[in-house]
Amino acid sequence: MQIIRTEIGEAIGHSGQQIVRVIFCGEDGERVSVDMAKREPFAERDAIGRAIAILVQTANFDVAANSYDAHSNGNFDEVAVTAANDESGGLYIFEYRDGDGCQQVPPSKMPSFHAAREEAIRCAIDVLVDLQSGTDDPSGWLVRVRDENGELRCSIDVSEAEAARQASDATAV
């Protein structure tokens, strides 16, 4: 899909919660929308970066593209990822803790390192929730962000994810 326009707005989600909706509009009427929980006033640039990261993660994180992949050994066919806009920013590679190993998704174009780090924190909170009590080590890193050259830019550990989760829960109340 060739992106020709991006629309950003606020809406009400199915649960009645306010959301930010980013819609990537393509030629021939194609549209892909990403709904995200609304936190504080949002900057359009950050919303686009977050939506792109969500799409990349959704397209590449343990998702079978077809029935063959669903029944395979987990070596899914590679999915090419393209940037949704040509704004300045950088390419960032996200690594997710997966038991004793890690899983890396293809590079994501983000508007800034700050946006990439914020996305890493949001993802680390999700990984933290998925840790199995008693079987997974509740310490160490959860999400790492590397630049396009593979250099480590930041690492979000369990304590930072837990602090961010608690701060998010406190502001939601």
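1. Strand S4 (residues 90-98) pairs with S7 in the antiparallel sense over five bridges, where two strands count as paired if DSSP finds at least two bridges between them. Helices (H or I, at least four residues) and strands (E, at least two) are DSSP runs, numbered from the N terminus. Within this pairing, Val-145 in S7 is the bridge partner of Phe-94.

2. This is a predicted model, in which local features need pLDDT of at least 70 and side-chain atom pairs count only at pLDDT 80 or more, while totals for chains, interfaces and linings use all residues. Residues are numbered from 1 along each chain as its sequence is written, and side-chain values use heavy atoms, with hydrogens and water left out.

3. The protein chain has four helices and eight strands, and their order along the sequence is β-β-β-α-α-β-β-β-α-β-β-α. Of the 173 residues in the protein chain, 34% are buried, a word that here means under 20% relative accessible area, with exposed meaning over 50% and partly exposed in between (1.4 Å probe, protein chains only).

4. Strand S7 (residues 141-147) is mostly covered, since five of its seven residues are buried. On S7 there are also five bridges to strand S8 (residues 152-157), and these two strands run antiparallel, with Arg-146 standing opposite Leu-152 in S8. S7 and S8 form a hairpin with four residues between them, and in the turn Gly-150 has a positive phi of about 90 degrees.

5. Rings of Phe, Tyr and Trp (its six-membered ring) pair if their centres lie within 6.5 Å, and planes under 30 degrees apart count as stacked, over 60 as edge-to-face and the rest as tilted. By this rule there are two aromatic pairs. Tyr-92 and Phe-113 form a tilted pair, 6.2 Å centre to centre with 45 degrees between the planes. Because Tyr-92 lies in strand S4 and Phe-113 in helix H3 (residues 113-130), this pair ties together parts that are 21 residues apart in sequence. Tyr-92 counts as buried at 7% relative accessibility, whereas Phe-113 is partly exposed at 23%. The rings of Phe-94 and Tyr-96 have their centres 6.5 Å apart and their planes at 15 degrees, so this pair is stacked. Phe-94 is buried, with a relative accessible area of 1%, and Tyr-96 is buried at 5%.

6. Leu-55 lies in helix H1 (residues 44-60) and counts as partly exposed because its relative accessibility is 31%.
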